[in-house]
Amino acid sequence: MPDGYLFLSLSTGYKAKSMKKVLLFILLFTNTLSYAQAGDWLSKLSNDVPVYQLSVPGVHDACTGCGWVTPLSSSYSTTFNPPEAELKIYGDHFVRTQEYALSELWHKGIRAFDLRPAVVGKELRICHGPFRTAMTLRHALQLLTDSLTAHPGEMAFIVMQHEAQGDDLHQGGRWNKMVSKLLGSLYQKGILCEFFPYMKLGDARGKILLFCRDRYALQPFGAYIDHWYFDADIDNQKRAVIVGRSDSCRVLIQDYYDLTAPGALDTKVKALININRLRAEAQQQVWSINHTSGFALHDIFNGEPFCSSKGYRKNASVTNQAMIGYLRKSPTDIPTGFIMMDYAGTDQSQGYDVMGMSLIDEIIHHNDKYK
């Protein structure tokens, strides 16, 4: 081989490697820039925007991407106690609804978080059914508080409920007192903001607005949501109410989640689109929480039919895509409210086109008119 050809080959190989490094740098830089833009999207909006007019990407069972801890809830079973490694496999197989941990979801633009704490020992641990995540409520609230400190122009929303299946046996009665104590301390520090139907973004920047589906005290540290329904009936979706310390208002709720029956996925798609139609037709201000989340397949766990993570992915591949299609065709002057999704921040998950990053982008885009 001539020396010149050898030099050319080596040079070409070197240039190819250098080009790969440049392309990799550009890709990483683009992703970082995208996350930075998503991470500060609320900061770009006017202070005068009423919060109910926002379009907010959110996540169902926000902490299932944080890993799992043992043991399985004793409230669920006192006889089924698989070893730690096996239980973590079960958690990922049956009840995982997110690829990413809480802090990563924040950086991908998520601002609404579904948190479900249960009483585990002396702490409130976030669970999905009887499976206990590696995240406590205190730690989750601290992570969000730290994110808001770093990004004071943003705000966060939490939809919380008591995940009784995750409680230690006979300890669920302690939930109200433990929640009241933790939330009360944050409220006194000004981290949790009060709810008002016509509250504006400028009134809540740097704070958390917390809705709870269970009443833990006479007065909420944020607001309660009463009359939460899980079916696809439009009349039921209209019955929910947000109750603050001094005022209340209507909220549309769509959380039809068991989609294993024939035709249920089609019904789900119609239900989640109906919320947007009801908002558009409303003659007054209205809040809404609209779940694309749900599971479309069962598996067997501990001898009984149980939801599966594959079923959550299958559902997301249909409902997230349906919502994207709707948003791309609809005027951006119609807000979506809170859209709670599975597999947020990624468009593919284990062979399913879950479209969780594309959906975030489309929801955020519907706020451009307020810049």
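## A buried ring pair

Tyr 187 is buried, as is Phe 221 (buried: under 20% relative accessible area; exposed: over 50%; partly exposed: in between; 1.4 Å probe, protein chains only). This is a predicted model: local features need pLDDT of at least 70, side-chain atom pairs count only at pLDDT 80 or more, and totals for chains, interfaces and linings use all residues. Residues are numbered from 1 along each chain as its sequence is written, and side-chain values use heavy atoms, with hydrogens and water left out.

## Aromatic pairs

A pair of aromatic rings is described by the distance of the centres and the angle of the planes. Rings of Phe, Tyr and Trp (its six-membered ring) pair if their centres lie within 6.5 Å; planes under 30 degrees apart are stacked, over 60 edge-to-face, and the rest tilted. The count comes to 25 aromatic pairs. One of them joins Tyr 187 and Phe 221: the ring centres are 5.3 Å apart and the planes stand at 50°, so this pair is tilted. Tyr 187 belongs to helix α5 (residues 175-188) and Phe 221 to the loop between β8 (208-212) and β9 (223-226), so the pair ties together parts that are 34 residues apart in sequence. Helices (H or I, at least four residues) and strands (E, at least two) are DSSP runs, numbered from the N terminus.

Phe 211 and Phe 338 have ring centres 6.3 Å apart and planes at 75°, so they form an edge-to-face pair. This pair links distant parts of the chain, with Phe 211 in strand β8 and Phe 338 in strand β15 (residues 337-341), 127 residues apart. Phe 211 and Phe 338 are buried. Ring pairs also join Trp 68, Tyr 76, Phe 80, Tyr 90, Phe 94, Phe 131, Phe 301 and Phe 306 into a cluster.

## Arginines over rings

Arg 245 lies over the face of Tyr 187, 4.6 Å from the ring centre. Arg 111 lies over the face of Trp 106, at 3.5 Å from the ring centre. The rule asks for NZ of Lys or CZ of Arg within 6 Å of the ring centre and within 35 degrees of the ring normal.

## The chain as a whole

The protein chain has 10 helices and 15 strands. Of its 371 residues, 53% are buried.

The chain exposes about 16,500 Å², and carbon and sulfur atoms supply 55% of that (Shrake-Rupley method, 1.4 Å probe).

## One cavity

The structure holds one cavity of 30 Å³ or more. On a 1 Å grid over the protein atoms alone, a cavity is a set of points where a 1.4 Å probe fits but cannot get out; lining residues have an atom within 4 Å of a point. Points join across faces, edges and corners, and the volume is the space filled by probe spheres set on them.

The largest cavity contains about 40 Å³ of space. Its lining consists of Val 51, Tyr 52, Leu 54, Val 56, Arg 279, Trp 287, Ser 288, Gly 337 and Phe 338. Strands β12 (287-291) and β15 each supply at least two of the lining residues.

## Helix α10

Eight of the 10 residues of helix α10 (residues 356-365) are buried, so this helix is largely enclosed by the rest of the structure. They are Gly 356, Met 357, Ser 358, Leu 359, Ile 360, Glu 362, Ile 363 and Ile 364. These residues pack against β1 (55-59), α9 (309-329) and β15.

Ser 358 lies in this helix. Its relative accessibility is 13%, so Ser 358 counts as buried. Beyond its neighbours within four places in sequence, Ser 358 is in contact with Ile 324 and Asp 347. Ser 358 and Gly 345 are 13 residues apart in sequence, with 7.8 Å from C-alpha to C-alpha.

## Backbone exceptions

Most residues other than glycine have a negative phi, and most peptide bonds are trans. The peptide bond from Thr 70 to Pro 71 is cis, with omega near 0°. Pro 71 sits in the loop between β2 (68-69) and α2 (84-94).

Asn 302 is not a glycine, yet has a positive phi of about 55°. Asn 302 occupies the loop between β13 (298-301) and β14 (304-307). It is partly exposed, with a relative accessible area of 34%. Met 355 also has a positive phi, about 60°, although it is not a glycine. Met 355 is in the loop between β15 and α10, and at 15% relative accessibility Met 355 counts as buried.

Methods:
1 Å grid on protein atoms, 1.4 Å probe; cavity = no way out; pocket = protein on both sides within 12 Å on 5 of 7 lines; lining within 4 Å. Contact = heavy atoms within 4.5 Å.
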